[in-house]
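I opened the model to look up the ligand site first, then the fold and the backbone. My entries follow in that order.

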Amino acid sequence: MKKIPIILDGDPGHDDAIAWVMANAIKEFDIKGITTVAGNQTIEKTTLNARRISALIGLDVPVAKGSDIPLLGNLVTAANFHGESGLDGPELPEPIREAEDISAPELMAKILKESDEPVVIVSTGPTTNVASLLLANPELKEKIKCISFMGGGLRTGNWTSCAEFNIVVDPEALDIVFNSGVPIIMSGLDVTEKALCYPEEYEQIRALGNPVAEVVAGWFDFFMKHLRTLGYRGATLHDPCAVLALVRPDIFKFKDLYVEVERCGHYTRGATIPDYYGQKNKKPNVKVAVEINREEFIQVLIDCCRAYNEEGGKI
Ligand code: BDR
Ligand code: CA
């Protein structure tokens, strides 16, 4: 089978971590590298988490650290959701591999240059690294097959009433991505708030009994604590949607839309604004996931967790 070369860019983060557990188990993917971004926690913490996740899932690829701040503005973190480490909950193995001595955008550029075929970038945090890559290497755009990102929402927000966390952190970065001309898939709150994993489902994951599945269930335990206080009955699997939209488009519904990012609004900074009514007369720049088959999605999650063996490697 011809595999899809991908780069995983994120700010782990419980749902980033679950997205990477899934990506590593999906046979269609050839993971070329991991790049970290400041978001859920500081860059030092998200990078340490990325190296620990790699050790847990037996993923031996380069990890490179991104900038410690967004392109403009101050860093906002989400310790209320993800804890002080950014990935609180079950104990994780110590990292095996050091981080590279090049930056995240430099590693992305290296992977793109060395690849014989276009590479997919899966972005599950603020898009700071992706924007920096595009700004520094415009000639590499043609080597990017598509950017599948988690962020935004057509009708709602989760950090402010109208803006989603990843975009609140770095709206300028997403604006650069949206205007790049590279094909983009957006998994925003419209679908990710429906991608819920209920306790009886993550108990099925725990019951698989392998070390990766047990850690995933432990991440759910931690993540649900805060979500319960907000009235959720299941854990929102935001970031895994950006992975699954690539290999299981059949379980999503998409709309091609022209979408812009609010960067100036005093109350609305970070909102993603679709041109539903065609007033801008612009060609769609984003393929937006708007519906998801939740049950199928959870089945893929369970199958991915089943793919790990007793040692944490893949079966
Ligand atoms: C997004 O924000 C982060 O807390 C999650 O990891 C996800 O990427 C959801 O709004
Ligand atoms: Ca994330």
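Which residues are around ligand 1? I counted a residue as near when one of its heavy atoms lies within 4 Å of the molecule. I found D15, D16, N40, H82, T124, M150, N158, E164, F165, N166, H238 and D239.

Conventions, for the record. This is a predicted model, in which local features need pLDDT of at least 70, side-chain atom pairs count only at pLDDT 80 or more, and totals for chains, interfaces and linings use all residues. Residues are numbered from 1 along each chain as its sequence is written, chains are lettered from A and ligands numbered from 1 in the order written, and side-chain values use heavy atoms, with hydrogens and water left out.

Shell composition: I get 2 nonpolar, 6 polar and 4 charged residues around ligand 1 (Ala, Val, Leu, Ile, Met, Phe, Trp, Tyr, Cys and Pro are nonpolar; Asp, Glu, Lys and Arg are charged; the others, Gly among them, are polar).

A polar side-chain atom of D239 is at 2.6 Å, a side-chain N or O atom of H82 at 2.9 Å, and a polar backbone atom of T124 at 3.1 Å. On its own ligand 1 has 280 Å² of accessible area, and the protein covers 96% of that (Shrake-Rupley method, 1.4 Å probe). Helix 1 (14–25) and helix 6 (165–169) are the elements that give two or more residues to the shell.

Fold: I count 12 helices and 12 strands (DSSP runs, H or I of at least four residues and E of at least two, numbered from the N terminus). The C-alpha trace spans about 55 × 45 × 40 Å along its principal axes.

Backbone: which bond is cis, with omega near -15 degrees? The peptide bond from P12 to G13 is, and G13 lies in the loop between strand 1 (4–10) and helix 1. N281, not a glycine, has a positive phi near 55 degrees. I place N281 in the loop between strand 11 (272–274) and strand 12 (286–292).

Notes. A polar contact is a pair of N or O atoms within 3.5 Å; within protein, one must be able to donate a hydrogen and the other to accept it, and residues adjacent in sequence count only if both atoms are side-chain atoms.
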